[in-house]
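Dear colleague,

Please find below the structure that I am handing over to you. My findings follow it.

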Amino acid sequence: MSSHFKFILCEPKKPVRESLSKMLNSMGDLFLESECSSYLALDEALQASIPDLVVIGIDEDLPQALAMIRKIRAQTPSVAVMAVSSRNDGQTILDTMRAGAKEFLTSPVEMSDLAQAIPRLCDGRTKTSGPATSSGVIAVAGVTGGVGATSLAVNIAAHLAQTPSHSVALVDLDLSVGDADIFLDCIPEYTLIDVASNVSRLDLSLLKKSMTRHESGVYLLPRPVSLLDNEIITPDNIGRVLSVLRSAFTHLVIDTSKSYSPVDLVALNFADHIVLVTQLDLPCLRNVVRLLMSFDEYHGLKEKVKIVVNRSNLQSNQISIKKAEETIGQECYWQIPNEYATMAAVRNNGVPLVMQAPLANITQSVIGLTNSLFHVTGPENVVEVAAAGGGARKQWLGFLSRK
Ligand SMILES: Nc1ncnc2c1ncn2[C@@H]1O[C@H](COP(=O)(O)OP(=O)(O)OP(=O)(O)O)[C@@H](O)[C@H]1O
Ligand SMILES: [Mg+2]
C-alpha cells in the first residue's frame, strides 16, 4: 500500500545529518522513519521497525559503523544500506562494500549523487519492507446509529494486527461521540487533533509515538477530547493525516461518523473498501438505499461499497436477506451473526474478539470478512448469504408498500 520507501538516517555528525535529512526528505518517494544521532540509536530504531533503506554516516567511528552495517545485512537482508563518508580512499570503500553497503557516497553529498543512487537502491524493490503482505484502507460506515460499525472496525483491525507482517492503524472519525478507545480499553495520550495539527512535521517514528498501541497490536488514533476541537479537523488536513498513515501502516481501518460530513467523505473517497454496516430492519434498509443513491453522485464511491449485514439472525420475523437485496438492488457481501453476550463482553472488557473469544461464531465471521476483503485466503472462507435476485434497483418505496 505504501507509496514511499521508508528510510532511517543515522549520522552522528549533526551538520551532516541535517544536510542529508533535508536532501533525502525532498526526494518524493522517500519517507523518513527516524533520524538517529548514534549507531546505538540506529540499532534500537531497527528493533522497532524495518525500513527499506538505511543511510549511515560512517566517519564518526568506522569500526562501529561497519559492524552495524554487517549486522543489518545479516539480520535484515532486505534493507538496503547506503554509506556516507568524507573518506574516499580505496580501502575504506572496499571495507564498507564488503560489510554489506550497496552504495557509497562521498561527503559532502551532492543532490545529484543522491538522485542517481536512490533509484539504483530502490529499483525492483516493492515499496514496503518485510514479507509480502496484503494491504489497504477500509472505511467502516454505519447506516444509522448503533448498527455495530465500531464493533466491526475495531475487530477487523484487531484481526489484521494478528499477522506479524501487518502494521495496523485504527482511526476514530466519529469526532463527537466516537468510542473506539472504549472498545480497546485504553486512555490515549494523543488524539487526532495532535496528529492533524502537526501533520506536516511528522515523521513515521513520531507518528507512531503519537498513537496508542493496544496489546492486540492495533495503533489507535482516537477522536478529539473536546467537541470544540472538532473544527480543527478539516477535509484538507484529514486527507493529509490519512496519507501519512497510509505510508506508515500496511492497514488502515477508519470508523466514520454517521453524519456523512465532508470529513467522512474524504475518508470514504480515500478507502479501498467501504464496509457499509446495516441491520435487517426498515429504517436501516431505507438508509442503505439513500446512501447508495447519494454515493452515486461521487465518482467511484458506490463501486467500493460492501454491504455487511450485522446481527443477521437477530429476530425470526426480521426482513429476509433476499428481500433486503431486492430492495437495495445490490447483493449483501457478508452477514455477521447476532451474539449479544460475546459482543457485550468485548465492549465491556475492552478486549477484541480475537483475544476475548477466538472460537466464537461471530469472531470467525469477522475473520472471514476481513480475509475476504484483503484476499488473505480463498473463497472457502466466504459465508454464503442467501441467494438473491439482485436486479431490482432502487425499489425501496415498493418495498415499503410491501411491508
Ligand atoms: N453482531 C452483534 N451481535 C450482538 N451485539 C452486537 C453485534 N454487533 C454490535 N453489537 C452491539 O451493538 C451495540 C452497538 O454497537 P457499536 O457501538 O459497534 O455500533 P455503532 O454503529 O458504532 O454505534 P454508534 O452509532 O454509537 O457509533 C453494542 O452494544 C455492541 O455490543
Ligand atoms: Mg460507533
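This is a predicted model: local features need pLDDT of at least 70, side-chain atom pairs count only at pLDDT 80 or more; totals for chains, interfaces and linings use all residues.

Strand β7 (residues 168-172) runs parallel to β10, and five bridges join the two; within this pairing, V168 has H251 as its bridge partner in β10. Strands here are DSSP runs of E with at least two residues, helices are runs of H or I with at least four residues, and both are numbered from the N terminus. Two strands count as paired if DSSP finds at least two bridges between them.

Residues are numbered from 1 along each chain as its sequence is written, while chains are lettered from A and ligands numbered from 1 in the order in which they are written.

β10 also pairs with β6, again through five bridges and in parallel; here the bridge partner of I138 is V253 of β10. Five of the five residues of β10 (residues 251-255) are buried, so this strand is largely enclosed by the rest of the structure. A residue is called buried if 20 or more other C-beta atoms, placed from the backbone, lie within 10 Å of its own. H251, V253 and D255 point one way from β10, and L252 and I254 point the other way.

The loop between α5 (111-122) and β6 (136-142) contains S135. S135 is buried because 20 other C-beta atoms lie within 10 Å.

Strand β4 (residues 80-85) is joined to β5 by four bridges, and A83 has F104 as its bridge partner in β5.

Finally, which residues are closest to ligand 1? They are G145, G148, A149, T150 and S151, within a shell of 20 residues; a residue belongs to this shell if its C-beta atom, placed from the backbone, lies within 6 Å of the ligand. α6 (149-160) and α14 (340-349) each supply at least two residues of the shell, and α14 gives the largest share, four residues.

Yours sincerely

Key: A residue is buried if 20 or more other C-beta atoms lie within 10 Å of its own, exposed if 12 or fewer, and partly exposed in between; C-beta atoms are placed from the backbone.
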